[in-house]
Amino acid sequence: MRVATDIGGTFTDLVYVNENGQVEIAKDHTTPPNFEKGVMNVIDKNISNKEEISTFIHGTTVIINSLTERKGAKTGLITTKGFRDVLEIARGNRPDLFNIRYKKPEPFIERYLRKEVNERLNYKGEELTPLDTDQIKEIIDYFKKEKVEAIAVAYLHSYVNPSHEKETVQIIRELWPEVAVSASYEVTQEWREYERTNTAALNAYVKPAAANYVNKMQNELTEFNKTSQNFIMQSNGGTTTFEESKKVPINMVESGPVAGIYGSAVLGNLIGEKNIIAFDIGGTTAKCSLIENGEVKVSTDYYIERNNRNAGYPIKVPVVDIVEIGNGGGSIAWLDDAGALKVGPESAGALPGPVSYGQGGTEPTTTDANLLTGRLSAKNFDYDVDLELVREVTRNKIANHFDMTVEEAALGIIKIANSNMLNALKLISIRKGHNPQDFTLVAFGGGGSMHAPDLAKELGVGKVIIPVASPVFSAWGMLMSDLRHDYIKTYIARVGELKLDEMMKQWNEIEQDGHIQFAQEGIEEGNVVFHRFADMRYIGQEHTVKVPVPSGAWAEKELDEIVDKFHELHEKNFTFRLDGTETEIVNLHVTAFGKVEKPEIQKIERNTTLEEAKIETRNVFFDAPAGWTETNVYQRELLPVGEIVQGPAIIEEKAAATVIYEGQTLMVDDYGNLIIETGANENEK
């Protein structure tokens, strides 16, 4: 049995394949700060034969939570003499140019815990100054006195030659085996000393918490099953073993959200949709990512806490390109100082949750608004809903201020939340030069199906897909994922002066490292697949373009094709090309997949009618002029394949509801996905 769990801000999701080969789903409440308890709760309540679990895959928020809440370990930094303040100097580019009170983000490691060592390599990796090992020993003694829990080691140019970092780590482990150590060469082999140092520092900062969490999860799992293979989702869209995850935990910074993006690509490939906007609305946040020609976009230019006022903190590891905003089902509606209605980013979370949960929530949320407008039904909640209390809170907090009815206030909350989400969707589509009309929106998460049809029409997307298991689709994506490791190495060489033998040696060494790592994870060589990419640029440029390059040996023909492809991609990304201008390679990137057995997606058979699928007719409050409208409500699991449902209508399933509007249609495809035609492009036909 394959089992996947994903921890969200409000719910912990479960997807598993039962003994009949069918995919089953479930949700239970997230249990902060002991998140592993929520995982065990949802498994205990839904899987009786836990000893038959053969594969367990997990998505966790423990890393991003440790960073955003500043709950990591007390960390020290050892770096090259003269570079103690690189974390504070950072980069000169600031997002808020005209703010005279602007402050740079404070480093995660305070200055008194950042220590310098006499050592130096040049940009070729050649030793200029030997490592002063006596200084290392003095620093260790100092860190012991300061009760440091983790140490980051980041030396200049160690991405070319990590010998000094390796020697330093060895000394630390000999003299202080209990402390967590993170060297920059273990985390990233890309250049840029600030980004690399910060990544190593953050990896060390979360390492003890990650090890503690993974060990707790391992102990809980082995209580009922000692033979299962256990994996954790990484930010690059692939999985890794529990043991590997503890070595470089920063690779799990976006562990949960990326699984849904990857699952969207898998689903798109199955049903012939190559261009997809993946859209995930949970209880706390909404996340979206763009998939073009079936390719999930992965970048090492990832930042946490970056916005239009804050430069954020760079993390130089492969992360699926995601835009995330603080809007979800639990997002709180509030009035700003000017009396304008706002929704989010603060969330009611799992506890106390929305007012409708009856767990002590006192602020109106998006979920409460959807309940008041009839989009959600009180009988589908896990709790006894006090509808009058929800109305009273919304009336007192929002409606009275604007002199409107409770239903109008609730609809206003929904429209503001939709506006916030629409801005996020525009960031990954229109503002990056993509026409939304060329894409299909795949919506999932507890709130994805409820908001997506309206958002898609506003954005100009003609088709929305609500996948099977949509409320827990990120966990579904984990079931469909392979093990994945990304190996990125800075290797600067002008294409016109490239030595092909040396280049092939670099590729082969990287791929050999991949075979060794997968062998340690139990993956046979025949199940390992490599994809090569080169980060390239014109001579004199700063930024690069990621270019797919052929496997195997290269000749002049392959080089010409690579350069032609670079020109093409450069024009696509930056709107211009410079044919004939000299180019250079900056980074070598190998994406390695360890193929694992995955459940087969089967077509469904249903002999039902629309009348049999109909649950009730209830009033739903829509935008003017419709207002309160009698709306048919259907059970998703009973909808017949291929029959058209005309909007307005609501499709209910466990833990989610789909709202389709007047003029929109819905159909169930052969795999059980809901296909919605939004009518967005009707005016152009």
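Pro 33 is located in the loop that runs between strand E3 (23–29) and H1. The peptide bond joining Pro 32 to Pro 33 is cis, with omega about 0°. The model is a predicted one, and the points below are grouped by topic.

**Backbone geometry**

- Most peptide bonds are trans, and most residues other than glycine have a negative phi.
- A cis peptide bond also links Gly 344 with Pro 345, where omega is about 0°.
- Pro 345 belongs to strand E22, which spans residues 341–347, whereas Pro 33 is a loop residue.
- His 157 is not a glycine, yet its phi is positive, at about 65°.
- The position of His 157 is in the loop between strand E9 (150–154) and H5.

**Packing of H1 with H7**

- A packed pair of helices is described by the angle between the axes and by the distance between them.
- For helix H1 (residues 35–46) and helix H7 (residues 193–222), the packing angle is about 25° and the axes are 10 Å apart.
- Because angles under 35 degrees count as roughly parallel, H1 is roughly parallel to H7.
- H1 and H7 cross in a right-handed sense.
- On the H1 side, the contact involves Phe 35, Glu 36, Lys 37, Val 39 and Met 40; these meet Tyr 213, Lys 216, Met 217, Glu 220 and Leu 221 of H7.
- Sorted by class, the contact of H1 with H7 comprises 6 nonpolar and 4 charged residues, with no polar ones.

**Packing of H4 with H5**

- Helix H4 (residues 133–145) packs on helix H5 (residues 163–175) at an angle of about 45°, and their axes lie 10 Å apart.
- This angle makes H4 oblique to H5.
- The crossing of H4 past H5 is right-handed.
- H4 contributes Thr 133, Ile 136, Lys 137, Ile 140 and Lys 144 to the contact, while H5 contributes Glu 167, Thr 168, Ile 171, Ile 172 and Leu 175.
- The contact of H4 with H5 is made up, by class, of 5 nonpolar, 2 polar and 3 charged residues.

**Second largest pocket**

- The volume of the second largest pocket is about 1000 Å³.
- Its lining has 33 residues, of which Tyr 185, Glu 186, Gln 189, Tyr 487 and Gln 517 are the closest to the centre of the pocket.
- Two or more lining residues of the second largest pocket come from each of helix H6 (184–187), helix H8 (242–247), strand E25 (483–494) and helix H15 (500–520).
- By class, 10 nonpolar, 11 polar and 12 charged residues line the second largest pocket.

**Cavities**

- The count of cavities of 30 Å³ or more is 3.
- The largest cavity has a volume of about 50 Å³.
- Residues lining the largest cavity include Leu 87, Glu 88, Ala 90, Lys 104, Pro 105 and Glu 106, along with Pro 107, Tyr 194, Asn 198, Gly 312 and Tyr 313.
- Helix H3 (86–89) provides at least two residues of the lining of the largest cavity, as does H7.
- The class composition of the lining of the largest cavity is 6 nonpolar, 2 polar and 3 charged residues.

Technical notes:
Residues are numbered from 1 along each chain as its sequence is written. This is a predicted model: local features need pLDDT of at least 70, side-chain atom pairs count only at pLDDT 80 or more; totals for chains, interfaces and linings use all residues. Side-chain values use heavy atoms; hydrogens and water are left out. Axes are lines fitted to C-alpha atoms, for helices over the stretch in contact, and angles run from 0 to 180 degrees between N-to-C directions. Helices (H or I, at least four residues) and strands (E, at least two) are DSSP runs, numbered from the N terminus. Angles under 35 degrees count as roughly parallel, over 145 as roughly antiparallel, 65 to 115 as roughly perpendicular and the rest as oblique. A crossing is left-handed if the near helix is turned anticlockwise from the far one by less than a right angle, and right-handed if clockwise. Contact means heavy atoms within 4.5 Å. Ala, Val, Leu, Ile, Met, Phe, Trp, Tyr, Cys and Pro count as nonpolar, Asp, Glu, Lys and Arg as charged, and the others, Gly among them, as polar. On a 1 Å grid over the protein atoms alone, a cavity is a set of points where a 1.4 Å probe fits but cannot get out, and a pocket is an open set with protein on both sides within 12 Å along at least five of seven lines; lining residues have an atom within 4 Å of a point. Grid points are joined across faces, edges and corners, and a volume is the space filled by probe spheres set on the points.
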